[in-house]
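Take a look at the model below. We will walk through it step by step.

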Amino acid sequence: GMLALAPLGGYFLAGRATRPLARIIRTTSRLRPRHLDERLPLRHNDDELDQLSLTINGFLDRIAAYLGQHREFLANVAHELRSPLAAMATSIEVALMHDRDVDQYRELLGSIDGECQRLGVMVQQLLLLAESDAGRLEPAKDRVELGGLARKSTEMFEGVAEQAGLKLEVVTYREAWIRGDAGQLRRVLHNLIDNALRYTPSGGLIEVSVNVRDGYAVIAVRDT
């Protein structure tokens with residue numbers, strides 16, 4: 001009888017031991033890059049199988065966080081590229097619709113050339129990120145005067161504001177020198193101004209102000 005029951009008992013015990021492994025295999029086989037919210041169940045026995053499940057769940061958490069940051073990064077890049085390109089295209093269209101003198105055309109072309117150079121730098125940084133998979137670039141620590149930065153940023157959107165029937169102006173109360181990355185600060189301003197132009201009704205006012213308060217440089221974008 002013992003010889004007859006031993007194989008059955010061994011089969012039963014082996015099934016109980018491998019059943020958690022089978023669940024782990026089934027769960028991991030269902031995982032896809034777009035659906036990483038499922039996690040392995042825990043038996044709370046604090047054994048090796050629970051430790052394996054915890055390790056795999058932690059790995060899935062890190063993958064999901066990385067993919068989420070990757071998607072957010074791509075969305076931000078698309079927005080940062082789209083806004084200045086749309087502003088340049090609109091400025092050119094407005095310039096072609098109305099006759100201007102040579103100085104005005106020269107000023108417009110100079111602004112577009114400067115923006116093209118900044119976009120080129122941004123594309124170069126993206127290529128560096130793609131090649132090295134470094135995550136984030138260390139921002140520069142240059143001396144930047146926010147008033148001049150604000151004026152150059154608004155120049156790119158003057159044509160957009162004119163076409164939308166909006167008034168766009170810069171108000172500098174005091175010189176504001178800071179340490180920072182001029183290119184990244186400019187991209188922040190472009191996004192803020194672009195949002196203000198997008199959601200301000202025709203006839204409204206968009207004001208970019210620069211001031212110094214309590215030792216801090218303050219730059220603000222306000223709209224009606």
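In this predicted model, the largest nonpolar core holds 25 residues. Phe 157, Leu 168, Ile 193, Leu 197, Ile 206 and Val 208 touch the most other members. Several elements give two or more residues to this core: helix 2 (48–97), helix 3, helix 4, helix 5 (158–163), helix 6 and strand 4 (205–213). In soluble globular proteins, nonpolar side chains tend to be buried together.

Start with Val 208. Residues up to four places away in sequence are not counted here.

Now turn to a helix pair. Two packed helices are described by the angle between their axes and the distance between the axes. Helix 4 (residues 146–155) packs against helix 6 (residues 182–199) at an angle of about 50°. Their axes are 10 Å apart. The two helices are therefore oblique to each other. The crossing of helix 4 with helix 6 is right-handed. On the helix 4 side, the contact is made by Leu 146, Leu 149, Ala 150, Ser 153 and Thr 154. Helix 6 brings Ala 182, Leu 185, Arg 186, Leu 189, His 190 and Ile 193. Seven of the contact residues are nonpolar, three are polar and one is charged.

Last, find Ser 111 in helix 3 (residues 102–132). Is Ser 111 buried or exposed? Its relative accessible area is 14%, under the 20% cut-off, so Ser 111 is buried. Leaving aside neighbours within four places in sequence, Ser 111 is in contact with Arg 118, Glu 155 and Met 156.

Key
Residues are numbered from 1 along each chain as its sequence is written. This is a predicted model: local features need pLDDT of at least 70, side-chain atom pairs count only at pLDDT 80 or more; totals for chains, interfaces and linings use all residues. Side-chain values use heavy atoms; hydrogens and water are left out. Axes are lines fitted to C-alpha atoms, for helices over the stretch in contact, and angles run from 0 to 180 degrees between N-to-C directions. Helices (H or I, at least four residues) and strands (E, at least two) are DSSP runs, numbered from the N terminus. Angles under 35 degrees count as roughly parallel, over 145 as roughly antiparallel, 65 to 115 as roughly perpendicular and the rest as oblique. A crossing is left-handed if the near helix is turned anticlockwise from the far one by less than a right angle, and right-handed if clockwise. Contact means heavy atoms within 4.5 Å. Ala, Val, Leu, Ile, Met, Phe, Trp, Tyr, Cys and Pro count as nonpolar, Asp, Glu, Lys and Arg as charged, and the others, Gly among them, as polar. Buried means under 20% relative accessible area, exposed over 50%, partly exposed in between (1.4 Å probe, protein chains only). A nonpolar core is a set of buried Ala, Val, Leu, Ile, Met, Phe, Trp, Tyr and Cys residues joined through side-chain atoms within 4.5 Å.
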